[in-house]
Amino acid sequence: MRLYFPHNFLWGSSISSYQTEGGNIYSDWFLWEKEQGLEHAGASANHYKFFKEDIEIASSLSHNAFRFSLEWSRIYPHKDRFNEVGFKHYEDVISTLKKYNITPVVTLHHFTNPIWYTKEGGWLNHKLIDYFLCYVRKAVSLLKDNVKYWIIFNEPVVYVYNGFLEGIWPPGLKSTKEALRALRNILRAYILSYQEIKRIYADKKSFLSIAKNMRVFIPCFYLNFGQNNLFSFIRSRFFNFYVLDYLYKNRCLDFIGLNYYCGEFTKANFSLWGRECTDAHHKLKRNDLGWLVFPSGLYNLLVRLRNYNLPIVITENGTVTPLDEEYASFMISHIESVAKAINDGVDVRGYFWWSLLDNFEWDKGYSCRFGLVDVDFNNFSRKIKPFALKYRDICRNNFIDIENVD
Ligand code: BGC
C-alpha cells in the first residue's frame, strides 16, 4: 500500500555545532575533553568551513529542511562581548539554505555552553539565566526574518542526566540535588526564552519547541513482570513525559520535537528508577551502541503524543552500524512507523535523520558514524552513503510503499 506524507512535509537531517563545525575552543566541551583526556573534537567534520558544500549535498539528496544549532560560545566567547564574526557565519548558513530552498530549523542550545558560563556555575546558577536570554534575544532578533522554527533546548533530560547525575559530560557532577536544580533552571530559561521569542516575533508566526528524546520502555518479561512493569512506567513518566507535561501546562510548546532512537527493556532494582536490562535473552536487534532497534515503538509514541493536540516533528532518528543495509532497514522501518501514524490521524509535520554528516559523538568520540554522508576526518572529503540515496527517493517522492499497514 502506498502511504503519502502531507504536502509541505519537512524532510531533512540534523546536526549540532560542536559535533560538526570544528574549532569551538570557547566551549565547555573543549575544556572537558582536555581535562578528561578524551578524544578531541578538534576540527570535527570542518563543517564551519565546508557548510556550503554540505548544504549543496543536502539539496542534492532532496532535503527541503535542515536542523542545525548555533554555538553559543562562538557568539558569546566572553561574557559581555558579542562576536560579530562568529555570528555572521550563521547568517551565511541561513542565506545558503535559502538559496537552495531549504527550511532552517535552528537549535539554540545543544549540550554546550561557553567556558565562562560553566566556570561561573552554569545551569546551577540561576543568576546566569539572564545571560542565556541575552544570547537568545540577540540571535533571534538577527535571524527572525529567515527562521520560523526554533528548538530552544535539545534534550534537557539527557543533558542533565549525563552532566549532573552520571558525571560523564561537563560539568561532571554526580548529584541528584544538583541535577534537579539544573533542570529547574533550564526549564525556567526555556519558558523565559519562549516568551521573549514570541515578543520579538510580535504578530509574525514562529514555531517553538524542545527536541525531546524519548524511549519506549518495555518491562523485562523474565522474573517479576509486575514490578518491571511498574518501573517501566516510572522510567517513562520521568524520562519521556515530565518535561513535556511541564512545558505543555505552561503553554509554551508550539509543536513537539521528538528525538527517537530506541526501545529499552526495563528491570526493577533498588533505585527509584529501575534500570535497563541488557540480558541476551531479549531477542530484539541492537545497534553498534547496544541500543534496541524498535521501530514500532516510534509508532506507539506518536499515537500516545496525539493527546497533546500539537503538531509533531521527528527532530532526530538514526543509528550506528558498519552495514549499509542496516542503515537502510532502520531508516525505512522508522519512516514506515511515521507513515502509519499519519495514516491513523497523528499530525506529524517532518522527519530529520541524525545526522547529515558523520561527526563527533560526545564522550564516544569519532567511533560512531551516524551520517548519511561519510566523512574522512583526515582530509574532510565527503562521500554519500548508498542508504542516503534511498532516503533521497523517499524525500523526493513524499510517499512510501508499505507491505503491511497493520
Ligand atoms: C543527540 C545528539 C547525539 C545523538 C546520538 C541525540 O540524543 O541530540 O547530539 O549525537 O543523540 O547519540
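Glu 325 is found in helix 12 (residues 324-343), where helices (H or I, at least four residues) and strands (E, at least two) are DSSP runs numbered from the N terminus. At 54% relative accessibility, Glu 325 counts as exposed; buried means under 20% relative accessible area, exposed over 50%, and partly exposed in between (1.4 Å probe, protein chains only). Glu 325 and Phe 387 are 62 residues apart in sequence, and their C-alpha atoms are 7.2 Å apart in space. This is a predicted model, in which local features need pLDDT of at least 70 and side-chain atom pairs count only at pLDDT 80 or more, while totals for chains, interfaces and linings use all residues. Residues are numbered from 1 along each chain as its sequence is written, and side-chain values use heavy atoms, with hydrogens and water left out.

**Whole chain**

- The protein chain has 13 helices and 13 strands.
- Its radius of gyration is 20 Å, close to the 22 Å that the globule rule gives for 406 residues, so the chain is as compact as a globular protein of that length; the radius is taken over C-alpha atoms, and the rule is 2.2 Å times the number of residues to the power 0.38.
- The C-alpha atoms fill a box of roughly 55 × 50 × 45 Å along the principal axes.
- Buried residues account for 57% of the 406 residues.
- Among contacts (heavy atoms within 4.5 Å) between residues at least 6 apart in sequence, 77% join residues at least 24 apart.

**Asp 358**

- Asp 358 is in the loop between strand 10 (348-354) and strand 11 (373-375), and its relative accessibility of 0% makes it buried.
- A polar atom of the Asp 358 side chain lies 2.9 Å from the backbone nitrogen of Gly 371.
- A polar atom of that side chain lies 3.4 Å from the backbone nitrogen of Val 375.
- Leaving aside neighbours within four places in sequence, the contacts of Asp 358 include Ala 45, Arg 369, Phe 377 and Lys 385.

**Backbone geometry**

- A cis peptide bond joins Pro 170 and Pro 171, with omega about 10 degrees; Pro 171 lies in the loop between helix 8 (156-165) and helix 9 (176-201).
- The peptide bond from Trp 354 to Ser 355 is also cis, with omega near 20 degrees, and Ser 355 is in the loop between strand 10 and strand 11.
- Asn 101 has a positive phi near 60 degrees and is exposed at 67% relative accessibility.
- Asn 398 has a positive phi of about 60 degrees although it is not a glycine, and at 18% relative accessibility Asn 398 is buried.

Notes
A polar contact is a pair of N or O atoms within 3.5 Å; within protein, one must be able to donate a hydrogen and the other to accept it, and residues adjacent in sequence count only if both atoms are side-chain atoms.
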